[in-house]
Amino acid sequence: MRLIESCALLALLCSYALADFQPKLAASSNGKYYVSLDKANFFQAFLNCRSAGLQLASIRSQKEEKDIEEAIKGANPGVTYLNGFWTSGTNLANIASSQYYWLSTGGMAIYTKWLAGEPNNQLNNEHCLEIFLGEDKKFVWNDSVCTVNYRYVCQDTI
Ligand SMILES: [Ca+2]
């Protein structure tokens, strides 16, 4: 096989291999957010977003919160009570603190939308931030167990 054919074959194989690692994502109407169709734990969600050239989402303002809520609703017309989605929020760098940081940006979570009573670090085992649809059909935040599988939201720019 000539060199050029080898390279072409390698590129083809690589593109298939990469395709196998692409998470299933639904793009939001504004093209900024990608809502997963699969579930993964917090760490795998972070890797899945990166493997798609994206970042696990961060929510730094009311505007970003609203945009992410719209993206989730848009990707999930049937989204129901308690459906949770991972963001990049975590306090794993210092679990003694209830201050959360966005792993994708390194920034402190200043804007917040915690459900009343959260983050509660239940059983001293909740260190990752999910956004979920609350009982009153409004999205709120909760600290949850990082190894639980949830859907997740990626974003294309920070
Ligand atoms: Ca909690």
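Mentor: Start with G89, which stands opposite W102 in β5. Strands here are DSSP runs of E with at least two residues, helices are runs of H or I with at least four residues, and both are numbered from the N terminus. This is a predicted model, in which local features need pLDDT of at least 70, side-chain atom pairs count only at pLDDT 80 or more, and totals for chains, interfaces and linings use all residues. Residues are numbered from 1 along each chain as its sequence is written.

Trainee: How many bridges pair β4 with β5, and in which sense?

Mentor: Two bridges, in the antiparallel sense, with β5 covering residues 101-102. Two strands pair if DSSP finds at least two bridges between them.

Trainee: Which strand does β4 join through four bridges?

Mentor: That is β6, residues 128-133, which runs antiparallel to β4. In β6, C128 is the bridge partner of T90. There is also β8, residues 151-155, which pairs with β4 in the parallel sense over two bridges. There, F85 stands opposite R151.

Trainee: Is β4 enclosed or open, and why?

Mentor: Six of the seven residues of β4 (residues 84-90) are buried, so the strand is largely enclosed by the rest of the structure. Buried means that 20 or more other C-beta atoms lie within 10 Å of the residue's own; exposed means 12 or fewer, and partly exposed is in between, with C-beta atoms placed from the backbone.

Trainee: What does W86 touch?

Mentor: Not counting residues up to four places away in sequence, W86 touches F42, A45, L56, C128, E130, Y150 and Y152. A contact means that two C-beta atoms, placed from the backbone, lie within 7 Å. W86 is also one of the residues that touch the most other members of the largest nonpolar core, which has 33 residues.

Trainee: OK, on to α3. Which of its residues are buried?

Mentor: I68, A71, I72 and A75 are buried in α3. Seen down the helix axis, the buried residues of α3 fall within an arc of 95°, so they line one face. The arc is that of the directions from the helix axis to the C-beta atoms. An α-helix has 3.6 residues a turn, so residues three or four places apart point the same way.

Trainee: What do those buried residues of α3 pack against, and what is on the face turned away?

Mentor: They pack against β1 (25-27), β2, β4, β6 and β8. The face turned away from the buried side carries the exposed residues Q62, K63 and K66.

Trainee: Where does Y33 lie?

Mentor: Y33 lies in β2, residues 33-36. Y33 counts as buried because it has 25 C-beta neighbours inside 10 Å. Leaving aside neighbours within four places in sequence, its contacts include I68, A71 and V153.

Trainee: Different topic. Which residues does the cis peptide bond join?

Mentor: The cis bond joins E118 and P119, with omega about 0°. P119 is found in the loop between β5 and β6. L123 has its place in the loop between β5 and β6 as well, and phi of L123 is near 55°, a positive value in a residue other than glycine. Most residues other than glycine have a negative phi, and most peptide bonds are trans.

Trainee: Is L123 buried or exposed?

Mentor: L123 is exposed, with 7 other C-beta atoms within 10 Å.

Trainee: Last one: what is the mean pLDDT of the chain?

Mentor: The mean is 86, and 84% of the residues reach 70 or more. Over residues 1-21 the pLDDT is below 50, and beyond near neighbours in sequence this stretch has two contacts in the model. The pLDDT is the predictor's confidence in each residue, from 0 to 100.

How values were computed. Core = buried A, V, L, I, M, F, W, Y, C linked by C-beta atoms within 7 Å.
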